[in-house]
Amino acid sequence: MLGYLAFPWRRANVAHYVNIDGSSGRPAPIGVPTIGIWSRPGAGIVGAVKNVWFDQTHVQVATSAESFLEMYEFFTGKKPKEKHIVPETGQISLAGRAVIFPQNIGVEGATLEIWKVNSDTGARIANTPQAIYDIGAAGAWGPFKATSGANYEFALVREGDSTHHYYREPSIRSNYWITLLASSPAWGGVSQYMNRSDNHSCVVIGRSKEFWGNQGDNNDILEINGVNIITANICPRSKLVNGMFVYDRDADGASNLTGPIPVYHAMIFFTGVDLYMPAADPPDGTISIVSWSRGMPGNSRAVINFPNWASSNHRISVNFNDYVRTE
C-alpha cells in the first residue's frame, strides 16, 4: 500500500490510511494522514499521525476490538458507542463464497447444502437441508435466512470428491462475508498430506486470531474430546498459528502431541497435530471441540460439536470466532 500511495494521482483518492502491521520504517505518504497499528514492538511509520502497539499478533491485530477503536476514531474523529460485536435477535442473513484455497476461485459446479444441526451433537435435525445453492465461477452463495445463535452445517458436495462439512460458531449478526475454503481435487492443495482412513476423522481448525501455547497464563486452550492440543511446541507465539491440521498421522490409531507434524508446521500460519479421533461412515459418535480463548472473561468458552465423519469420504473444517461474544 505504501508503494501504491507513492504516486500523487493515487494519493488524491485517499482521505486516510491505516497501515496494519505492514512495512516498518518507511515514510508516510505525503498529504495522506496515516496511522500505524502494530504487533511488533519498535515498528512504525515515519511521519505518521500516530503509531500504536498492542500485545497481540499479526492476524489478531487486524480485527481486534482495540484496533477497531483506533481506526474508528481516526476515520471519524470520535469514539464509537460500542467496541464489541452486538448480537441481533431473530432472523439474520448469511452469505459468502465457496472458493479453492489459495487460488481464491469459486468451487464451480459444487452444491452447497445448509443444514440446521443439534448444538450438542452436530447431527442434522431434519431429513432435508434448509437451503441449497449451486456454486458458480465466482463461488457466491446466499443470502440464507438463518436464526441468530443457531447452529448450522455447511456441506459442500462435489461429484467425485469427498463431501466437505463446515462447522462454525453460531452467527449472532448478519454476515455477508463467510468464506468456505476448499481444496482442488485436480491440484491437491495443502490437505493432501493428511492421512485418511475409514477409522479416523481429519479436521482443519481455523481462527483469525493466533493460537498461543507458550505464554503461561495467557495461553489458549483447545480441547478435542477432552485433549488440549495447544502446547508450547505445537503453537509457540512466534509461529503465528491460525490454522491447525488435526488427524491421525500414519493412520496408526495413536496420538502423539510431543511435537507438531513437520509438513504443516513448515508452512506459514499453519501447524499439524497428530491426534487420533475415532470415526465411522455413517458417523456413530460426536467430536467435541472446546475453546478457551485468551482474553475471554471468567470461564467463558466456545463449543463446536459435530459428527465423527470418516476421513476416507469426508472433509471437516471448523472455524472459531476471533472475538469474545457479549450477550
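Keep in mind that the model is predicted.

Zoom in on β14. Its pairing with strand β13, residues 221-224, is antiparallel and runs over 2 bridges. Take E223 as an example. Its bridge partner in β14 is N228.

Next, G25. Where does G25 sit? Find the loop between β1 (17-20) and β2 (34-38); G25 is there. Is G25 buried or exposed? It is exposed, with a relative accessible area of 52%. The cut-off for exposed is over 50%. G25 still has contacts beyond its neighbours within four places in sequence: G44 and V46. What about V52? From G25 to V52 we count 27 residues in sequence. In space, C-alpha to C-alpha, the two are 14 Å apart.

Last stop: R168. You'll find R168 in strand β10, residues 163-168. R168 is buried, yet it has no salt bridge. Which side chain of opposite charge is nearest to R168? That is D322, 8.5 Å away. A salt bridge needs the charged atoms within 4 Å. So what does R168 touch? Leaving out residues up to four places away in sequence, R168 touches N151, F154, I178, T179, I304 and N319.

Note on methods. Residues are numbered from 1 along each chain as its sequence is written. This is a predicted model: local features need pLDDT of at least 70, side-chain atom pairs count only at pLDDT 80 or more; totals for chains, interfaces and linings use all residues. Side-chain values use heavy atoms; hydrogens and water are left out. Two strands pair if DSSP finds at least two bridges between them. Helices (H or I, at least four residues) and strands (E, at least two) are DSSP runs, numbered from the N terminus. Buried means under 20% relative accessible area, exposed over 50%, partly exposed in between (1.4 Å probe, protein chains only). Contact means heavy atoms within 4.5 Å. Lys and Arg count as positive and Asp and Glu as negative; His and the chain ends are not counted.
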